[in-house]
Amino acid sequence: MSSSIQLPAAHNCETCPAHNVGNLTKLGINMDNWDFVVALAGNPNTGKSTIFNALTGLRQHTGNWPGKTVSRAEGGFEYGGHRYKIVDLPGTYSLLSTSLDEEVARNFILFGQPDVTLIVTDATRLERNLNLVLQVLEITDRAVVALNLMDEARRHGITVDDRSLARDLGVPVVPTSARSKQGIPELLQAISQVATGAVVCKPHRLKNEPPALKHAIRELVSKIEAAFPGLPNARWVALRLLDGDQRIIEAINRGELGDLTRDDPGEDAAGTLVLQLQEAQHA
Amino acid sequence: MLNQEALTPPQSGIPAAAQDILDTANRLRWEVGGDVHENIVEAIYTDAARIADRAAIYPDTPPRFNLDRTIDRLVTSRLWGFPLMILLFTVVFWITIAGANVPSQWLAYILLDTVHPMLKTAGATIGLPWWLDGLLIDGMYLATAWVVSVMLPPMAIFFPLFTLLEDFGYLPRVAFNLDNIFKKSGAHGKQSLSMMMGFGCNAAGVVASRVIDSPRERLIAIITNNFALCNGRWPTQILIASLFIGSLVPAYLGGLISALAVVGIAMLGVLMSFAVSWFLSRTWLKGEASTFSLELPPYRPPRFWQTIYTSLIDRTIFVLWRAIVFALPAGAVIWLMANVSIGGASIAEYLINFLNPIGWLIGLNGVILVAYIVAIPANEIVIPTILMLTVLVTGTSQFGAGAGVMFETGDSETLALFQAGGWTLLTAVNLMLFSLLHNPCSTTIYTIYTETGSKKWTAVAALLPLAIGVMVTFSVAQVWRLVSLL
């Protein structure tokens with residue numbers, strides 16, 4: 001595995017920049033002129049909204065039940081001299097089915113091209129949460145995993161090795177207990193490192209498909225890459241095409257996929273995409 | 001998933017490269033064979049299991065006593081689930097009703113008995129013309145003051161309690177208990193979740209129906225969401241129940257009986273939800289109920305003060321603000337209706353007299369019906385409107401100096417005012433029923449329209465509850481009158 005991944009500090013260190021609280025300015029809903037867009041994904045009821053509130057200073061109501069957030073909520077914060085816009089996506093167990101909330105989440109991660117996708121996971125239900133993490137990592141290579149609810153895991157006697165997890169997933173993994181604001185400084189540091197490119201992720205990609213499928217993927221990927229050079233997730237697009245995903249077929253037909261090949265979509269493009277998404281939600 | 005039409009033939013004007021990709025994908029899908037979707041899911045699950053296994057260490061022996069599971073066994077048990085649910089909600093309402101009484105009277109004393117005369121004096125001092133004085137102070141100020149004193153105390157108690165239950169993790173258990181019945185009604189089990197949201201606000205509940213995948217079941221959830229009593233209607237229920245139902249029994253039982261009455265109405269709403277879902281899924285929205293899995297989250301001790309704070313800010317102040325925003329113009333409208341006369345009678349009197357016969361048929365009266373028309377933008381202002389109009393009709397000067405003015409809000413005076421307006425127990429019961437069963441507020445109707453994109457279904461969602469409400473109150477009124485004749 002690549003050694004380019006810098007693991008966030010697991011123990012408190014007073015000199016560490018992550019502990020400089022002054023670095024974080026909560027901007028609430030004031031999020032004009034952002035430098036980076038952060039998408040907040042994760043299973044339902046893992047504390048996405050709690051993390052969203054901790055970062056933005058907003059008080060979006062959180063509730064202990066799945067399905068609390070069905071539409072997107074947006075907020076902003078400033079950290080280390082950069083302005084971030086953060087989008088709280090609906091909680092989903094997967095990105096493969098066709099329900100409206102999963103499509104909202106999936107489309108934003110794909111077409112919204114967030115600079116960082118923060119995947120919030122429940123440390124007490126790691127395996128099920130990783131199903132979603134792996135699906136997100138197929139789409140984007142700029143992600144941070146928040147290993148949330150660590151306090152609850154400890155209470156149940158579960159230990160999670162965040163280093164091993166970071167190694168296997170190829171993205172920074174930060175243990176957090178968002179309810180008591182633990183791990184938020186480290187999380188901010190990891191987000192900014194991925195956003196600014198200080199840390200380059202080597203995300204885990206699926207390798208154990210049946211040979212026939214693997215072969216088909218390879219053939220399709222080469223065609224997709226030829227048509228859309230620089231597309232960060234050709235493999236995933238190939239998988240979705242083989243699965244007959246109507247939205248992705250449409251994206252190819254309309255040439256939308258071509259827009260995703262640019263390194264930085266810029267503010268305007270991201271803004272337009274958000275608008276399109278909102279329209280799509282109501283369509 | 002594997003069907004030919006998934007890959008629709010592309011329209012003309014598509015670049016050759018894109019066309020080539022789609023053709024290749026189409027061909028490869030048949031070559032690969034098997035279920036592509038299944039293969040992908042399996043690959044993901046295998047990797048996830050492997051990685052999780054390496055990273056997480058679980059305790060060797062599970063603790064002998066698992067508190068979560070013990071609570072779950074109790075609150076989701078077939079035998080105890082429903083009784084516990086009813087008990088819990090009754091306790092919540094009882095605390096609300098018992099606790100809201102005193103602060104309500106304080107607020108009424110300050111806002112209505114102290115500030116209002118002061119404003120009148122000030123108005124007279126600076127020489128406001130009588131109509132401006134009436135419009136501003138007797139209309140807009142009083143309507144707003146009434147909304148605050150009637151609504152603030154119960155909301156400031158009820159919402160934090162409800163939010164504590166929510167944060168603790170109880171609501172998904174309620175959904176679990178209700179799931180089976182929803183499925184039997186031909187609806188989606190997740191409808192129990194959107195209904196829970198509806199107990200806060202129907203517009204939010206309608207949006208929450210998005211968690212339901214199937215359009216048919218989602219439509220059922222949207223149409224029936226109005227049967228969940230919302231923020232704006234809880235105060236009406238609580239006030240009428242404590243005035244009329246609570247006063248039927250000795251004082252020490254009053255709070256408890258009123259709480260039970262409110263729970264009864266809320267439960268009736270849940271039953272109506274089932275009944276209408278059942279009806280719709282067997283008539284216009286036929287189809288099978290789809291299955292889903294509902295996760296019961298772990299119980300989490302709520303962070304008490306933070307929950308109190310956010311629920312006060314998010315819900316109490318939010319709802320109160322909305323009520324005030326609507327109460328200001330409504331107060332002006334009511335005052336104008338009461339004071340603009342055509343041929344010797346005010347507009348309000350014409351309207352009330354016109355609607356009185358219809359009101360009588362369904363065990364209500366013209367005043368209540370006018371109030372429900374005025375309150376279409378927000379259910380919150382129903383009670384203040386009724387009070388203002390009742391003062392006008394009864395012309396009881398002891399309650400206020402002039403037409404359209406609301407005074408004296410201590411509970412006993414309010415009761416006396418209603419009785420002077422010809423109210424009986426039947427009026428109170430039917431008002432509670434009608435408050436549950438009538439058209440949703442305009443915000444919710446608009447939300448239904450944006451969510452469904454259909455004028456037809458929006459009309460159904462708006463008019464169906466109203467039709468049911470008229471039928472139910474009509475039947476209750478007729479049976480009530482027959483029985484009281486015997």
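This is a predicted model: local features need pLDDT of at least 70, side-chain atom pairs count only at pLDDT 80 or more; totals for chains, interfaces and linings use all residues.
1. Now to the rest of the interface. On the chain A side 69 residues are in contact with 67 residues of chain B. The area buried between chain A and chain B comes to about 6,200 Å², and carbon and sulfur atoms give 59% of that area.

2. How many salt bridges are counted between chain A and chain B? The count is three. Asp168(A) forms a salt bridge with Arg54(B), where the closest N and O atoms are 2.5 Å apart. Seven residue pairs are in polar contact across the interface of chain A and chain B, both partners having pLDDT 80 or more. Helix 7 (residues 211–227) of chain A gives the most to the side of chain A that touches chain B, namely eight residues. Sorted by class, that side of chain A has 29 nonpolar, 23 polar and 17 charged residues.

3. Helix 8 (residues 234–242) of chain A deserves a look of its own. Nine of its nine residues are buried, so the helix is largely enclosed by the rest of the structure. Just after the helix, Gly244(A) takes a positive phi of about 75 degrees.

4. Arg240(A) forms a salt bridge with Asp243(A), the closest N and O atoms being 3.0 Å apart.

5. Over all chains the count comes to 16 salt bridges. One of them joins Lys85(A) to Glu74(A), with the closest N and O atoms 3.6 Å apart. Lys85(A) lies in strand 4 (residues 82–88) of chain A and Glu74(A) in strand 3 (residues 73–79) of chain A, so the pair ties together parts that are eleven residues apart in sequence. Both Lys85(A) and Glu74(A) are buried.

6. Asp47(B) and Arg50(B) form a salt bridge whose closest N and O atoms are 3.9 Å apart. Both residues lie in helix 2 (residues 36–55) of chain B, three residues apart, which is about one turn of the helix. An α-helix has 3.6 residues a turn, so residues three or four places apart point the same way. Asp47(B) counts as buried at 3% relative accessibility, whereas Arg50(B) counts as partly exposed at 39%.

7. Last, a residue in strand 5 (residues 116–122) of chain A: Thr117(A). Thr117(A) is buried, with a relative accessible area of 0%. Which residues does Thr117(A) contact, leaving aside its neighbours within four places in sequence? Its contacts include Ala39(A), Ala41(A), Ile109(A), Val136(A) and Arg142(A). Thr117(A) and Leu40(A) are 77 residues apart in sequence, yet their C-alpha atoms are 6.0 Å apart in space.

Definitions and conventions
Residues are numbered from 1 along each chain as its sequence is written. Chains are lettered from A and ligands numbered from 1 in the order in which they are written. Side-chain values use heavy atoms; hydrogens and water are left out. Buried means under 20% relative accessible area, exposed over 50%, partly exposed in between (1.4 Å probe, protein chains only). Helices (H or I, at least four residues) and strands (E, at least two) are DSSP runs, numbered from the N terminus. Contact means heavy atoms within 4.5 Å. Buried area is the accessible area (1.4 Å probe) that two parts lose on being put together, summed over both. A salt bridge is a side-chain nitrogen of Lys or Arg within 4 Å of a carboxyl oxygen of Asp or Glu. A polar contact is a pair of N or O atoms within 3.5 Å; within protein, one must be able to donate a hydrogen and the other to accept it, and residues adjacent in sequence count only if both atoms are side-chain atoms. Ala, Val, Leu, Ile, Met, Phe, Trp, Tyr, Cys and Pro count as nonpolar, Asp, Glu, Lys and Arg as charged, and the others, Gly among them, as polar.
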